[in-house]
Amino acid sequence: MSHSRCRKRNAASVPTLQAQTFEFSEDEFEGDVLRAQVDRVQGRRIQRETQAVHIPKKLCDYGTSDSCTAQPSLDEVIQNEGGAELPTSNSQNDGPSKKKARKKHELASVEHDKALREWIPYRQRYLDEMLCGEGLQGKLPSLCFRFNATVPTSSAFLYRCKDCQNPQLTCQECCVQTHRSHPFHRVKYWNGQYFVKSTLKDASLVLQLGHPPNEACASPVPGPRNFVIIDTNGFHPTEILFCECDQACLSGGRIQQLLRAKLYPATIMDPSTCCTFRLLEHFHMMTLQSKTTAYDYYQTLQMLTDSSGLGQTFNRLHAFMHMVREWRNLKVLKRAGRGHEEDGIEKTAPGELSIRCPACPVPGWNLPDNWDTVSDDMKFLYYIFVAVDANFRLKRRAISNESRDPALSLDQNNICSCTGLAALLQANTKFSKGYSTTGVGMAIDARHGFILPNSAGDLQKGERYCNMDYIILSALCGLKQLHGILSYDIMCQWLKNFFQRMKTLPPHLQVEIPKGDMRYAIPKYHLNAHREEDHNRYSLNLIPGAARMDGEEIERNWSRHDGAATSTREMGPGSRHDTLEDYFGFANWRKYVGLGIALRKRLQSARIEQHNQIDTYNRWKAKMRPANVALWTEQIRAWEKDPSMPDPY
């Protein structure tokens, strides 16, 4: 967090080029040099200075004669010349990359402002075209657009579709024919004076299931009269026919006919509400990326149907909620390949649906056969890095229960004054009043940020050891090798009686961790909140094999999920678990697809830092006495091998 604040302060202190138009007189020019008044913004201060600006050749070509009616603006000169950088107070101290980035930002800002200024004179034309497109566009046609024939006298209205790319006025018959493959478009008809909102159902469009769009069924059966289909553009009352002819054996039952038409039914028996697959996909992406709640999305659909709220309303919120939960679960199962398993869904093992990190060491998958026999100085290549933390924003109120809302999927007394963190103290305060869940504990891959399988769990009263022990051991059980580093912001307290507490847990959680195979650390930012005495053993700067890992990846992970706190707080237990697991799975997927680019950037940065560190060390070593260097090196290696040895630092 401190780094991000520093970046914001630095960004705010960089002077930016204001989008202004400057006019100059001939007296202000001295050959190819212009004396210009420049406003410099530094924080809250604005300072005006006189700067000598070199005028590019193109500006000189305009001349200063009487025939020149107007001088070009400064931002136009900058755009024409590819950017004439105004001198700044701190530009001389900036590196080439920083100057290039600032120049690019200033030019982008000028270009954006220029585009807006160019658009302003055309606003009226844009508005006129928008209004024209909503009317008859000058005349009432006597010919139907589709067949270029006279509008039948039996057709009382002319229809226009709001969702077709090139909407034209058509008769009722043509409107129905053109929308058999687009039954969820919104239409309106001309009543002689103005357009009236209508539906394709009112235009006599019937949706036949079990057959191609233009093929009739020999024995159709009508669906419920109040059948409503929800699409991305709103609610659509629809007249629907199910197939029960001799092809019914191929078309399937009613649920199968709906699903094959890309319609998801809200219930198993006699559904009267469906969502299109397109809608569920759209909402799924919206809620994963922007944390949009199902209620807000539903209200948006209501507004798209009738923004005034005075027309027909549809009470389908609960049905929509059910379909969304089922869709989430099905997508997880599909992406995990459960649809291609002979055992199907029922035999899915715990943690099998999670997305694993492809870069973390896993024996038998991405490690050589002799990985466990390498020398001690090379074992760091096969380390696992696990970070543990809790989030107290992801609460849940004490509403509903597991029986009403099923998921589709110890007290510590050794609190001391070692740390200023509130993790332990939360367990013994009013922090949990009114809440069934006060937060979420989690373990992740500390290097790449992947959430580990079976590594997330609810906290009932703060960050209690019994909850965190269960979560940590559940995560470690899924790892095939326990050789690496485990970081936790209260590691110095949690580790004291951990192995004694582990003996009281169920047998499958009693993980055997050989002494010396796992090193224990405190994330770098949190280490500053602890006392210095006897804490170097937990420093990631000093643990062999930790490289430059800071252990704070789990904090960055929480920032991606805090936006879900307001919606999941009011959910029942099952709905909340399904939603959070969907968010966690999406986070892993984004990490997975972006891992190649991320590792390449880290490698490039590591090569530069390696050169700098080696050069710094060699220059320092040259100034030290060889005897002292040998003694310190021996002490450090002894302490790294056994942290109980005297601390050389």
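These legends describe close-up views of one predicted model.

The model is predicted, so local features need pLDDT of at least 70 and side-chain atom pairs count only at pLDDT 80 or more, while totals for chains, interfaces and linings use all residues. Residues are numbered from 1 along each chain as its sequence is written, and side-chain values use heavy atoms, with hydrogens and water left out.

**View 1. A five-stranded open sheet.** The strand order is β19-β18-β15-β20-β21, and the pairing is mixed. The edge strands are β19 (451-459) and β21 (518-521); each has a single partner strand, so one side of each is left without a neighbour in the sheet. On average, neighbouring strands are turned by 15° against each other, direction ignored. Helix α18 (residues 573-623) packs on this sheet and touches β18 (439-445) and β19. The direction of α18 makes about 145° with that of β19. Helices (H or I, at least four residues) and strands (E, at least two) are DSSP runs, numbered from the N terminus. Strands pair if DSSP finds at least two bridges between them. Axes are lines fitted to C-alpha atoms, for helices over the stretch in contact, and angles run from 0 to 180 degrees between N-to-C directions.

**View 2. Leucine 486 and its surroundings.** Strand β20 (residues 484-488) pairs with β21 in the parallel sense, over four bridges. Leucine 486 stands opposite tyrosine 520 in β21. Not counting residues up to four places away in sequence, leucine 486 touches Val386, Val388, Ile472, Met491, Trp494, Met518, Arg519, Tyr520 and Ala521. Contact means heavy atoms within 4.5 Å.

View 3. Helix α12 covers residues 465-477. Its 13 residues should span 18 Å at 1.5 Å a residue, and the end C-alpha atoms are 18 Å apart, which agrees. The expected span is 1.5 Å times one less than the number of residues. Of the 13 residues of α12, 11 are buried, so the helix is largely enclosed by the rest of the structure. Buried means under 20% relative accessible area, with a 1.4 Å probe and protein chains only. Among the buried residues are Tyr465, Met468, Ile472 and Leu476. The cover includes β15 (384-391), β18, β19, β20, α13 (491-494) and α14 (498-502).

View 4. The largest nonpolar core has 33 residues. Val388, Leu473, Leu486, Met491 and Trp494 touch the most other members. Helix α12 gives the largest share, seven residues. A second, separate core of 24 residues includes Val440, Ala446, Ala546 and Ala565. A nonpolar core is a set of buried Ala, Val, Leu, Ile, Met, Phe, Trp, Tyr and Cys residues joined through side-chain atoms within 4.5 Å.

**View 5. Strand β14 and its partners.** Thr273 and Cys275 point one way from β14 (residues 273-276), Cys274 and Thr276 point the other way, and all are buried. Strand β10 (residues 228-231) runs parallel to β14, joined by three bridges. Here isoleucine 230 stands opposite cysteine 275. Strand β13 (residues 263-265) runs antiparallel to β14, also joined by three bridges. Cysteine 274 is the bridge partner of proline 265.

**View 6. A three-stranded open sheet.** The order is β8-β12-β9, with mixed pairing. Strands β8 (206-208) and β9 (220-222) stand at the edges, each with a single partner strand, so one side of each has no neighbour in the sheet. Neighbouring strands are turned by 30° against each other on average, direction ignored. Three bridges join β9 to β12 (residues 239-243), and the two run antiparallel. Proline 220 has cysteine 243 in β12 as its bridge partner.

Technical notes. Buried means under 20% relative accessible area, exposed over 50%, partly exposed in between (1.4 Å probe, protein chains only).
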